[in-house]
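Here is a short briefing to read with the model open beside you.

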Amino acid sequence: MYEDFAYIYDKLSFDIDYEKYAQNIKDLCKKHQVGKENMLELATGSGMLTRHFFDDFEKIDALDISPDMLKVFAQKYDADNVNLIYYDMVSFINEDIYDLIVILLDSVNYVTEKEELIELFENSYKNLKDDSLLVFDINSEYKIKEIFGSNCYVYEYEDIFYTWDNFFEDDLCDMHLDFFIREEGDTYRRIREFQQERLYKVEEIKEILEKIGFSHIEIYDEDDMGDVKPDTMRILFSAKKEKNE
Ligand SMILES: C[S@@+](CC[C@H](N)C(=O)[O-])C[C@H]1O[C@@H](n2cnc3c(N)ncnc32)[C@H](O)[C@@H]1O
């Protein structure tokens with residue numbers, strides 16, 4: 001996952017409004033009066049979101065399990081306050097450090113075991129300071145069942161042609177992607193990518209967060225920051241770690 005695919009990820013993300021998503025998170029930070037010292041982005045990928053925070057935090061730790069995604073990140077950006085970390089976000093521990101932890105673009109759905117999801121949120125809670133915020137999104141039940149489903153899609157852009165073949169069963173969506181990248185001399189290079197996402201329901205996630213101790217758990221339709229609707233695609237969560245008296 002995210003090996004050769006890492007080098008075409010940015011090209012395929014042209015329709016994602018990272019600036020708007022970053023602004024939504026900054027607005028949540030303002031609302032909850034979050035400090036501006038340390039930020040942690042988990043599953044940071046190639047830094048498409050991270051770059052919008054370079055000037056907002058004194059120090060940013062940006063972590064990913066894919067060395068290729070981190071390589072793309074490092075080739076693009078050279079910010080003095082950013083530290084790239086190659087690690088599994090589920091087990092990352094750096095206690096009481098962060099004002100903000102962000103996990104975006106359905107990276108949470110890649111954690112396919114519920115026990116691991118619990119561990120991810122427990123460790124995030126430990127890693128946050130008092131009066132800090134965890135912000136993450138998930139693909140909605142509607143998107144995973146109806147749009148991903150067991151459907152097959154074919155896309156053709158100027159220099160990339162790809163097929164996306166899904167199989168959905170038992171709340172797991174297997175995605176087989178086949179990319180054909182046009183290269184010099186009109187030859188095509190093939191990149192195969194397998195990904196798997198788990199469907200998580202809003203109530204299930206809220207229950208986990210509450211049990212761990214998070215408060216002020218809020219959900220939004222990530223695309224308009226309004227209420228979550230039956231056809232919402234991405235659901236944005238924010239959850240606060242308050243000072244324990
Ligand atoms: C859809 S991309 C999102 C990347 C980035 N957050 C963005 O907004 O562009 C998913 C990312 O999650 C990373 N990832 C998946 N499982 C992970 C894990 N257990 N620990 C750290 N990163 C993980 C992948 O390597 C990939 O970079």
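Is Asp 106 buried or exposed? Asp 106 is buried, with a relative accessible area of 7%; buried means under 20% relative accessible area, exposed over 50%, and partly exposed in between (1.4 Å probe, protein chains only). Please keep in mind that this is a predicted model, in which local features need pLDDT of at least 70, side-chain atom pairs count only at pLDDT 80 or more, and totals for chains, interfaces and linings use all residues. Residues are numbered from 1 along each chain as its sequence is written, and side-chain values use heavy atoms, with hydrogens and water left out.

**Asp 106 and its surroundings**

- Asp 106 sits in the loop between strand S4 (98–103) and helix H4; helices (H or I, at least four residues) and strands (E, at least two) are DSSP runs, numbered from the N terminus.
- Its phi is near 50°, a positive value in a residue other than glycine.
- The side chain of Asp 106 makes a polar contact with the side chain of Asn 139, at 3.4 Å. A polar contact is a pair of N or O atoms within 3.5 Å; within protein, one must be able to donate a hydrogen and the other to accept it, and residues adjacent in sequence count only if both atoms are side-chain atoms.
- Not counting residues up to four places away in sequence, Asp 106 touches Asp 137, Asn 139, Glu 197 and Arg 234, where contact means heavy atoms within 4.5 Å.

**The ligand site**

- Around the ligand there are 20 residues, and Tyr 18, Ala 43, Asp 64, Asp 88 and Met 89 come nearest; a residue counts as near if one of its heavy atoms lies within 4 Å.
- For Ala 43, a backbone N or O atom lies 2.7 Å from a nitrogen atom of the ligand.
- For Met 89, the corresponding distance from a backbone N or O atom to a nitrogen atom of the ligand is 2.9 Å.
- A polar backbone atom of Leu 104 is 3.3 Å from a nitrogen atom of the ligand.
- The ligand taken alone exposes 590 Å², and the protein buries 95% of that; accessible areas come from the Shrake-Rupley method with a 1.4 Å probe.

**Helix H6**

- In H6 (residues 202–212), the buried residues are Val 202, Ile 205, Ile 208, Leu 209 and Ile 212.
- The buried residues of H6 pack against helix H4 (114–127) and the strands S5 (128–139), S10 (215–221) and S11 (234–241).
- Gly 213 follows H6 and has a positive phi, near 125°.

**Helix H3**

- Asp 68, Met 69, Leu 70, Val 72 and Phe 73 are buried in H3 (residues 67–76).
- Their cover includes helix H1 (9–12), strand S2 (59–64) and strand S3 (82–86).

- Glu 222 is in the loop between S10 and S11 and counts as buried, at 1% relative accessibility.
- Glu 222 and Asp 137 are 85 residues apart in sequence, yet 7.7 Å apart in space, C-alpha to C-alpha.
- Asp 96 lies in the loop between S3 and S4, and is partly exposed at 47% relative accessibility.
- Asp 96 has a positive phi of about 60° although it is not a glycine.
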